[in-house]
Amino acid sequence: ARLAYLSNGEPIRFDGAQELPPAIRAKGDVALVLMETRWEKQLTDYSGVETEKVGSNGWVTLFVVRPR
């Protein structure tokens with residue numbers, strides 16, 4: 001697995017779940033996604049992806065995400 005980075009070296013950040021499917025397809029068929037736990041419902045409720053929660057520390061949650 002590898003992180004996706006911008007040309008300035010910063011990790012790629014997405015503004016919404018709808019941006020994930022094309023980005024994931026461009027790199028393969030599955031991605032690990034870290035996000036603030038308070039926003040996880042935006043990801044899990046989005047019908048364009050299949051999500052599997054790996055774990056959470058209460059602040060950040062890790063998901064396996066696959067485009068549908």
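A residue counts as buried when its relative accessible area is under 20%. Glu40, at 17%, is therefore buried. The close-up views below show parts of a predicted model.

**View 1. Strand β3 pairs with strand β1.** Strand β1 covers residues 31-36 and strand β3 covers residues 60-67. The two strands are antiparallel and are joined by six bridges.

**View 2. Strands β2 and β3 form a hairpin.** Strand β2 takes in residues 49-56 and runs antiparallel to β3, with seven bridges between the two. Within this pairing, Gly55 lies opposite Leu62 of β3. Three residues separate β2 from β3 in the hairpin. Gly58 sits in the turn and has a positive phi of about 95 degrees.

**View 3. Trp59 lies in the loop between β2 and β3.** Trp59 belongs to the loop that connects these two strands. Its relative accessibility is 57%, so Trp59 counts as exposed. Apart from neighbours within four places in sequence, Trp59 is in contact with Met35, Glu36 and Thr37. The C-alpha atom of Trp59 is 7.5 Å from that of Arg38, although the two residues are 21 residues apart along the chain.

**View 4. Arg38 and Glu36 form a salt bridge.** The closest N and O atoms of this pair are 2.7 Å apart. Arg38 has a relative accessibility of 60% and so counts as exposed. Glu36 has a relative accessible area of 26% and is therefore partly exposed. Glu36 is also one of the residues in contact with Trp59.

**View 5. Glu40 and Lys53 meet in a salt bridge.** The N to O distance between their side chains is 3.3 Å. This pair links distant parts of the chain, with Lys53 in strand β2 and Glu40 in helix α2, 13 residues apart. Lys53 is partly exposed, because its relative accessible area is 46%. Which residue of helix α2 (residues 40-44) is shown here? It is Glu40. Beyond its neighbours within four places in sequence, Glu40 is in contact with Met35, Lys53, Thr61 and Phe63. The 3.3 Å approach of the Glu40 and Lys53 side chains is also a polar contact.

**View 6. Lys41 and Asp45 form a salt bridge.** Their side chains meet at 3.3 Å, N to O. Are Lys41 and Asp45 buried or exposed? Lys41, at 55% relative accessibility, counts as exposed. Asp45, at 51% relative accessibility, counts as exposed too.

**View 7. Leu6, Ile12 and Phe14 form a nonpolar patch on the surface.** Together, these residues have about 250 Å² of accessible area. Phe14 is placed in the segment before α1 (20-27). With a relative accessibility of 38%, Phe14 counts as partly exposed.

Terms used: Residues are numbered from 1 along each chain as its sequence is written. This is a predicted model: local features need pLDDT of at least 70, side-chain atom pairs count only at pLDDT 80 or more; totals for chains, interfaces and linings use all residues. Side-chain values use heavy atoms; hydrogens and water are left out. Two strands pair if DSSP finds at least two bridges between them. Helices (H or I, at least four residues) and strands (E, at least two) are DSSP runs, numbered from the N terminus. A polar contact is a pair of N or O atoms within 3.5 Å; within protein, one must be able to donate a hydrogen and the other to accept it, and residues adjacent in sequence count only if both atoms are side-chain atoms. Contact means heavy atoms within 4.5 Å. Patches are made of residues with over 30% relative accessible area and no salt bridge: like charges are joined within 9 Å, nonpolar side chains (Val, Leu, Ile, Met, Phe, Trp, Tyr) within 5 Å. Accessible areas come from the Shrake-Rupley method with a 1.4 Å probe; for residues, only the protein chains shown count as cover. A salt bridge is a side-chain nitrogen of Lys or Arg within 4 Å of a carboxyl oxygen of Asp or Glu. Buried means under 20% relative accessible area, exposed over 50%, partly exposed in between (1.4 Å probe, protein chains only).
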